[in-house]
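Dear colleague,

I am passing on to you the structure that we spoke of handing over, with notes on what was found in it. Please read the notes with the coordinates open beside them.

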Amino acid sequence: MDDRLFEPEIETMPRDKIAERQQARVIEVVRLAYENSPMYRWWWARHNVRPDEIKSLADFTEKIPFISKDVIRKWRDEHGDPFGGLFTGARQRVSAVTSSSGTTGEPTFFAEYHEPFGNLAMGLARPLWGHGLRPGDYALDQPTTFRGLTHHTMRLIGVTTVEIDTFIGSWRSVLQAIERYDIRYMQLIGPLMAELERLSEHCDMRAALAPLKFAGFAGEPIGSRLRARVRDEWNVKLVMWTSVGDIGTAWQCTEGDGYHVGEDGAFVECCDPISGAAVPDGSIGELVVTAIDDELAPLIRFRSDDLVRLDRTVCDCSRTHLRMWPVGRKGDRIVVRGRTVVPHDVWEVIEQCDETRAALFQIIRPTEELDELRVRVGYDTSRTASLAELRQRLMSCIEESVGVRPVLEMVDEQAIIARASSAVKIPRVSKK
Ligand SMILES: [Zn+2]
């Protein structure tokens, strides 16, 4: 038995069994939502759907309309309902109210229940176990507002949580606690990195972080330089995670490639962002999710605004649940002669070249649909011997990776920094 699997039977469940289970749960969640949630009753009546018409996954994807954050917020504001009309049960059953990060506006609030242990906890326990946490380990329980509070999950695995102030500005004492309590796991976030880099000038970060088995990292994309600093200089294994359209989290596979989604908790679709039609696995589309294990406040066919690729084939790690690759937000999407391109695709290529490794670039997009891919690329003048050669090399690499030959505007990277409104965040898509 592979001891990296926390729930081997579920994690390696054959695809037909996953689908069978999802179908039964989808039918049940639709019925529950229709009977108990006024928002879904209203929304589905507007689209002329009744739950007794939903007898299969095919019925579900054909007939149940999408919902979006806007629908939920509108209901919340018009009805004074803090749960946006999603709520299907008694207020006393809620064990926590959590919220989204609010990347695209105000945060959305969610009702959660954990007793004894909800699927949110199980979904998080699997990757934490998979990457090496074991009973008896100590871990930092950093404040997070996101779905699935970590304390429950840690206790489920048998891990002891250490509850200390981990806000930015307090990491000198956090580093001491890591050593003192032999802490095996913590979360890194982008904004924290500046403080850790500063602290590293005065302390041996490699020694300070030595007790860690790994660190989780989520949120914004991590560049190769930062990744190298954490991984190679500080010797910390980074495990990336991402959200699954606000219904849970997906963590990097133990083999490294892609993020596994627990399909016993989520029914996942990948749809054309404009038409809503299903796109084949391997193609980029919008992530649409249904929380099939959530009977209290389920999101049903929720459009996430996230662009992803999916793969439902069995993974090298033996897990059968699908893998997802987040590629960007819907607002950053560009269509060049019918082909979808997102900044992430270009990023991957640009940061591989030594002269442009800071990945300071912008895609020029006056309109969403374009005839040519125009990219402004910042390069390090001190590393560049021949600009013409660098341009040719980048054009070939981008064409090979993205499938479109780009038009490149090469500029001194300092000029891109000067143009940006913030020194740490460059808008990846620019109108001009
Ligand atoms: Zn895997």
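Before the findings, a term for burial: a residue is called buried at under 20% relative accessible area, exposed at over 50% and partly exposed in between, with a 1.4 Å probe and protein chains only. This is a predicted model, in which local features need pLDDT of at least 70 and side-chain atom pairs count only at pLDDT 80 or more, while totals for chains, interfaces and linings use all residues. Residues are numbered from 1 along each chain as its sequence is written, and side-chain values use heavy atoms, with hydrogens and water left out.

The metal site comes first. The zinc ion is coordinated by C253 (SG), H260 (NE2), C315 (SG) and C317 (SG), at 2.1 to 2.3 Å, where donors are N, O and S atoms within 2.8 Å of the metal (3.2 Å for Na, K and Ca), and since water is not among the atoms, sites may look incomplete. The angles between the four donor atoms run from 105 to 115°, which makes the arrangement tetrahedral (for four donors, all angles between 85 and 135 degrees). Along the chain, the donors follow the spacing C-x6-H-x54-C-x1-C. Within this set, C253 in the loop between β8 (249-252) and β9 (259-260) and C315 in the loop between β12 (302-311) and β13 (323-329) link distant parts of the chain, 62 residues apart; strands (E, at least two residues) and helices (H or I, at least four) are DSSP runs, numbered from the N terminus. Both C253 and C315 are buried.

Next, the charged pairs. The structure holds 31 salt bridges, each a side-chain nitrogen of Lys or Arg within 4 Å of a carboxyl oxygen of Asp or Glu. One of them joins D281 to R312, with the closest N and O atoms 3.1 Å apart; because D281 lies in the loop between β10 (266-271) and β11 (285-291) and R312 in the loop between β12 and β13, the pair ties together parts that are 31 residues apart in sequence. D281 counts as partly exposed at 40% relative accessibility, and R312 counts as partly exposed at 28%.

Another salt bridge is formed by the side chains of R393 and E355 (2.7 Å, N to O), and this pair links helix α13 with the loop between α12 and β16, 38 residues apart. R393 counts as partly exposed at 26% relative accessibility, whereas E355, with a relative accessible area of 10%, is buried.

Key: Tetrahedral: all angles 85-135°; square planar, octahedral: opposite > 155°, others 65-115°.
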